[in-house]
Amino acid sequence: MAESLRYKVEEHLTCSVCLEPFKDPKVLPCLHSYCHVCIVNLAKNANSNTINCPECRLAVEVDENTVSTLPSNFFVNNLLATMTLTNDKPAAKKILCDSCDSEEAAQSRCNECGIFLCQYCTDFHKRSRSMKHHELVTMEQLKSNPGPQNIAEKIRCPKHKEEVIKLFCKTCQTTICRDCTIVDHQGHKYGFVEEVAVEEKRHLQSNLNEVKQRKGRVAQGIVNLKKFNEGLEAKKKSTLSEISQHFDQLVKAVESRKREMMEKATSITNSRQKQIHAQLEVLEVALASCESSIEFTEQAFKNGNDVQILSMEKYILQSLEQLKAVKDQTKPCVTEDMVFIIPSSVQEKKKKLLIDYDVDVTVANPESCTASFKETEATFIAEKQYSITLICHDKNNRRLRYGGQDIKPSFTGMEVSDVAVTDNKDSSYTISFCPRQVGMLKFEVSINGTPAPKCSLTKQVKWVISDAHGKGPITNGGCAMWGDCGYCCRVGGCYFDSGVHTWKVRLSNFNFGQPSAEVGIIDYDEVNADMAQSKKKWVYKLPVPFGGSADISFNLDMKKRSLNVNVNSSLDGSSTNSYQFTARRVSPFFACSSPNLIIELVE
């Protein structure tokens with residue numbers, strides 16, 4: 001397991017250009033690292049002072065002389081040193097002394113100087129007055145705690161080679177040494193690295209967290225795109241299969257029709273040939289008879305005497321007369337006429353049949369689709385047929401050129417019947433419906449399973465006096481009913497099965513006498529029966545004097561099964577009546593017996 005871990009770490013310590021362990025790794029602005037020499041070689045081969053990162057292709061302005069100005073990858077150097085320190089194999093590379101050129105193996109490390117020391121330099125360090133207080137750590141101690149930070153090399157100022165970097169210039173946002181504060185950074189704000197690092201690490205961590213979040217989004221995006229690409233491939237396969245199946249069926253239909261036409265032509269020809277063969281047989285028999293009689297007669301002339309010929313004349317003449325009397329049908333008894341009826345040329349048929357086929361990349365975007373009522377009335381009438389026009393667009397708000405979408409309409413607010421969706425094959429759909437009750441009708445629709453927000457519609461639905469049942473003239477757009485000779489009755493064009501409803505009617509008499517009227521409700525399930533004789537109606541009956549009128553207000557509570565009637569009559573003044581009923585569904589009821597009495601729906 002340790003070897004496996006070592007192998008994984010070594011992968012990150014290998015230069016992707018030379019494929020060797022890093023040697024003096026330098027960091028590009030994109031944070032990819034390569035050996036100093038490898039970057040120099042890339043710069044030499046470049047045609048300008050710009051190289052492209054081998055991994056991400058970022059353009060970096062650097063030439064072979066300025067590669068050394070790039071920052072060193074300190075943590076890679078630390079890891080390299082750690083790997084060397086912990087490698088116990090005999091052939092493994094040893095850490096050498098940083099203090100002298102003896103190339104002796106290091107025996108200790110000075111934490112103050114940040115360098116490895118051989119045995120000689122270790123002893124010298126201990127004896128030197130200026131360094132004897134430095135903390136020395138043996139290689140065995142380092143191996144027992146081989147963290148990269150424990151063996152990190154002290155970073156020295158690139159300008160003042162002997163000075164260790166201990167400060168951070170906040171003005172220039174760079175690390176500096178003590179001498180830099182006097183020369184290049186005089187008057188700048190700076191602080192000790194240990195103090196500034198806390199806040200700067202926090203700032204780096206904040207940015208790191210945001211990049212990690214982006215990494216997560218990018219990784220998820222890659223997963224989604226791969227999944228989407230799989231969907232594209234699946235869609236391609238299903239579309240190709242659909243195209244193939246459709247045209248295979250089309251070809252089969254054409255081949256089937258071709259066979260039918262060929263079989264019909266063959267059948268017609270066979271029938272005619274059968275008749276011709278029968279005619280041939282008749283003529284061939286006639287020909288044989290003629291030839292036989294001719295031959296017999298000619299032989300008699302040639303070989304017989306007069307007595308012999310005359311003795312056979314009766315039979316010969318009878319045969320010849322019979323043969324010559326036959327009317328032979330020598331012309332074909334059928335015609336050879338036969339034509340293949342082609343309604344249009346191949347090119348015209350091809351254009352008409354195939355021009356509409358296409359593979360389109362635009363699909364319906366429910367958020368871009370629109371809908372509108374076909375009828376322009378401000379309010380709709382219950383029990384009347386209406387329609388909605390739905391038009392599908394793509395995500396760029398372009399109208400589609402084809403139909404075939406899955407349209408699912410939804411009506412709320414009241415009962416709606418006779419709902420039908422018609423695909424007009426041009427991206428438009430006609431949705432017809434009939435509202436059965438009054439109130440606020442709300443229409444919504446989903447397209448291919450997704451709601452279409454711009455297609456939501458509302459419309460107030462009211463009711464008027466219906467001409468579907470009963471008798472009596474109806475005028476004023478269904479808002480007025482007149483009497484006729486005899487008893488006339490009508491109902492409102494809706495039914496109520498829940499809620500509270502109010503309406504108001506006005507009775508007016510334009511002739512002498514006091515004709516009476518009935519207004520109220522009737523059991524909706526009794527509407528198709530004899531309404532005049534129905535016992536399931538709850539009505540207020542009153543006479544209306546000549547020139548008089550009455551305003552009657554109704555309050556229907558379906559929960560309480562009660563009807564309150566308030567009458568304001570020019571003859572009797574005001575009165576209130578209440579009715580209880582048991583019907584599950586009721587409709588408004590109107591009746592009168594005089595052609596001069598009008599019942600007008602006011603509200």
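Strands β22 (residues 480-482) and β31 (residues 597-601) of this predicted model run antiparallel to each other and are held by three bridges. Pairing here takes at least two bridges found by DSSP between two strands, and strands themselves are DSSP runs (E, at least two residues; helices are H or I, at least four), numbered from the N terminus. Within this pair, W482 has I598 of β31 as its bridge partner.

Residues are numbered from 1 along each chain as its sequence is written, and side-chain values use heavy atoms, leaving out hydrogens and water. Local features need pLDDT of at least 70 and side-chain atom pairs count only at pLDDT 80 or more, whereas totals for chains, interfaces and linings use all residues.

The protein chain splits into domain 1 (1-93), domain 2 (196-325), domain 3 (366-462) and domain 4 (489-601), with bounds that come from an automatic or database domain assignment. The centres of domains 3 and 4, taken over C-alpha atoms, lie 36 Å apart. Six residues of domain 3 and seven residues of domain 4 take part in the contact (heavy atoms within 4.5 Å). Together the two domains bury about 480 Å², 45% of it on carbon and sulfur atoms; buried area is the accessible area (1.4 Å probe) lost when two parts are put together, summed over both. On the domain 3 side, E383, Q437 and V438 supply 68% of the area buried against domain 4, more than any other three residues.

As for charges, zero salt bridges are counted between domain 3 and domain 4, a salt bridge being a side-chain nitrogen of Lys or Arg within 4 Å of a carboxyl oxygen of Asp or Glu. The structure holds 14 salt bridges. One of them joins K159 and D184, with the closest N and O atoms 2.6 Å apart. That pair links distant parts of the chain, 25 residues apart: K159 sits in the loop between α5 (139-144) and β8 (167-169), and D184 in the loop between β9 (174-176) and β10 (190-192).
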